[in-house]
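Work through these exercises with the structure open beside you. Try each task before you read its solution.

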Amino acid sequence: MKNPIGPFILSMLFLITFLLISNYAYGKTKSQWLNENPCMIKSITTSVIKDGVTTITKEEVLKCKDGYDGPNYWELFAQFYYADLTTPAYCRWYARPDHPFKTPGMMCLNEKGVWEVQ
């Protein structure tokens, strides 16, 4: 009697071999990936020994080829608080529960750093 599992195992072996070869042939190399993604996260691990106590610090830093290392604190602050498609820069909506139609109002930050109702 012929073994029914033999052809199945052989076909699976051919399939796995085909997938591995095609992945190798059509896969991207590391240099191609770096060309398309110019920024990488670099892990910096430092250890400091003071009075017999070792302190290990791990820091993750964004490094880009073009020198731009990501947004700073104020850029993130402005994106979080002021970014909206319908709102001008440095303006935000606020609730007006006493308004007859209960519509929101808009406050904007002027050049002197004072909030003014628009």
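**Exercise 1.** What does the accessible surface of the chain come to, and what percentage of it belongs to carbon and sulfur atoms?

*Solution.* Remember that the model is predicted. Start with the total: the accessible surface is about 10,900 Å². Then take the share: 63% of this surface belongs to carbon and sulfur atoms. Now turn to the residues: the chain has 118, and 8% of them count as buried.

**Exercise 2.** Find the pattern that the chain follows along the sequence.

*Solution.* Count the elements: there are three helices and five strands. Read them in sequence order. The pattern is α-α-β-β-α-β-β-β.

**Exercise 3.** Why is one side of strand E3 and of strand E5 left without a neighbour in the sheet?

*Solution.* Write down the strand order: E3-E4-E5, an open sheet with antiparallel pairing. Look at the edges. E3 (91-94) and E5 (115-117) stand there, and each has a single partner strand, so one side of each lacks a neighbour in the sheet. Next, check one pair. E3 and E4 (residues 105-109) are joined in the antiparallel sense over four bridges. Tyr-94 stands opposite Gly-105 in E4.

Methods
Residues numbered from 1 in each chain as written. Predicted model: local features only at pLDDT ≥ 70, side-chain atom pairs only at ≥ 80, totals over all residues. Heavy atoms only, no water. Pairing = 2+ DSSP bridges. Helix = DSSP H or I, 4+ residues; strand = E, 2+ residues; numbered from the N terminus. Buried < 20%, exposed > 50% of the residue type's maximum accessible area, 1.4 Å probe, protein only. Areas by Shrake-Rupley, 256 points an atom, 1.4 Å probe, with all protein chains shown as cover.
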